[in-house]
Amino acid sequence: MKVQSTTPFDLNAYTHSQQRTGQANQPTMITGKFDLSHDTDTVEISNASRQLASLDIVNHSAVYFGTVQINESLERLLKGQSSEVKETVYGIIQSNLITDVTEGDGRSALLELGLTQAQYIANNYMKGDQATEFMNTIRQIGAISTTRTINPETKQIQYDTPPQRPVGAPEDYVDLHYMMRKFQPQTYDKLQDAIVNNKDWSSILQNFAKQASKNQAWIKEYHEDAARAAGNLPIPNRFERADMTNPSSFVHSVKETITRTVSPYNKLLIDNIEAFIRKLKPEGNTA
């Protein structure tokens, strides 16, 4: 299996711009968040691997990298939780929210089920403000998932994420990464090329920062984007009345809801709820 992943690097730090002689200039404060690698995550699985029985496999979920705030919230809320709960939460994100399912109806059904699974976690493993914040964070990821588009030229899957403000950053912080991609995509491509090829990327970044700071129209639109929700969540949720008192009741009520409708996605949803409850073992048991 070959896996490629995108790793974001935060440039909100004191950085030294290098002269071609190799001597460092005085440090300057540069804010923004930039991807320093490729744009897409790809996974290739052999045919033999695909034929393994799904019930014999509990996959380890990838840790989600969405926005700085989302990841900080998840890490903080899951601190102290068991490894099973952590795996299950990231499994919801990977299998129900940010998925590779191509059909819109299938993605919508998985999203609804994922939000319900997250509510089960909140009800049974969290309390009070922690449970509320957890569901708000999961809904943010769900909203981002509804912005999914495919680039017609590259065929890459893309999601619109809101502007990011690093934890502890001032209220007037501006995400240069977001602004450059939105207002000067050609400059953003030039920056990426300079970073990858070890060219003078800092001057590109600083020049854009100066230009952006003087463009009030950009700043106004940026703050409007920051205040706007990323996407729309499905209302109503077909699984919202699921019995969450214990694992077996939860799985049974979800399966009943699934089977009441004839749909090509029924098996996908049943496999999904069974995988969810397996991840919670030994804490959760459907028996």
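Two rings of Phe, Tyr or Trp, the last represented by its six-membered ring, form an aromatic pair if their centres lie within 6.5 Å. By that criterion, this predicted model holds six aromatic pairs.

**Aromatic pair Tyr120–Phe276**

- The ring centres of Tyr120 and Phe276 are 6.0 Å apart and the ring planes stand at 80°, so this pair is edge-to-face; the cut-off for that class is an angle over 60 degrees.
- Tyr120 belongs to helix α4 (residues 104–125) and Phe276 to helix α11, so that the pair links distant parts of the chain, 156 residues apart.
- Both partners are placed in the interior by their accessibility class: Tyr120 is buried, and Phe276 is buried as well.
- Tyr120 and Phe276 also belong to a cluster, in which ring pairs link them with Phe250.

**Aromatic pair Phe183–Trp218**

- Phe183 and Trp218 form a stacked aromatic pair, with 5.0 Å from centre to centre and 5° between the planes.
- Because Phe183 is located in helix α6 (residues 176–183) and Trp218 in helix α9, the pair ties together parts that are 35 residues apart in sequence.
- Phe183 has a relative accessibility of 18% and therefore counts as buried, the limit for that class being under 20%.
- Trp218, with a relative accessibility of 13%, likewise counts as buried.

**Packing of helices α3 and α11**

- Helix α3 (residues 83–97) packs with helix α11 (residues 266–280) at an angle of about 160°, and the axes of the two helices are 8 Å apart.
- Angles over 145 degrees count as roughly antiparallel, and α3 and α11 are therefore roughly antiparallel to each other.
- The crossing of α3 and α11 is right-handed.
- On the α3 side, the contact is made by Glu84, Val85, Glu87, Thr88, Gly91, Ile92, Ser95 and Asn96, and on the α11 side by Asn272, Phe276, Lys279 and Leu280.
- By residue class, the contact of α3 with α11 comprises four nonpolar, five polar and three charged residues.

**Ile219 in helix α9**

- Ile219 lies in helix α9 (residues 216–227), the helix that also holds Trp218.
- With 18% relative accessibility, Ile219 counts as buried.
- Apart from neighbours within four places in sequence, Ile219 is in contact with Met179, Ala212 and Ser213.
- Val174 is 45 residues away from Ile219 along the chain, and the C-alpha atoms of these two residues are separated by 8.4 Å.

**Ser145 in helix α5**

- Ser145 is part of helix α5, which covers residues 128–145.
- The relative accessibility of Ser145 is 8%, so this residue counts as buried.
- When residues up to four places away in sequence are not counted, Ser145 touches Leu97, Ile98, Leu111 and Tyr159.

**Asn198 in the loop between α7 and α8**

- Asn198 is found in the loop between α7 (185–196) and α8 (201–214).
- Although Asn198 is not a glycine, its phi is positive, at about 60°.
- Asn198 has a relative accessibility of 71% and therefore counts as exposed, a class that requires over 50%.

Methods
Residues numbered from 1 in each chain as written. Predicted model: local features only at pLDDT ≥ 70, side-chain atom pairs only at ≥ 80, totals over all residues. Heavy atoms only, no water. Helix = DSSP H or I, 4+ residues; strand = E, 2+ residues; numbered from the N terminus. Buried < 20%, exposed > 50% of the residue type's maximum accessible area, 1.4 Å probe, protein only. Contact = heavy atoms within 4.5 Å. Axes fitted to C-alpha atoms, helices over the stretch in contact; angles between N-to-C directions. Parallel < 35°, antiparallel > 145°, perpendicular 65-115°, else oblique. Left-handed = near helix turned anticlockwise from the far one by under 90°. Nonpolar A, V, L, I, M, F, W, Y, C, P; charged D, E, K, R; others polar. Phe/Tyr/Trp six-rings, centres within 6.5 Å; stacked < 30°, edge-to-face > 60°.
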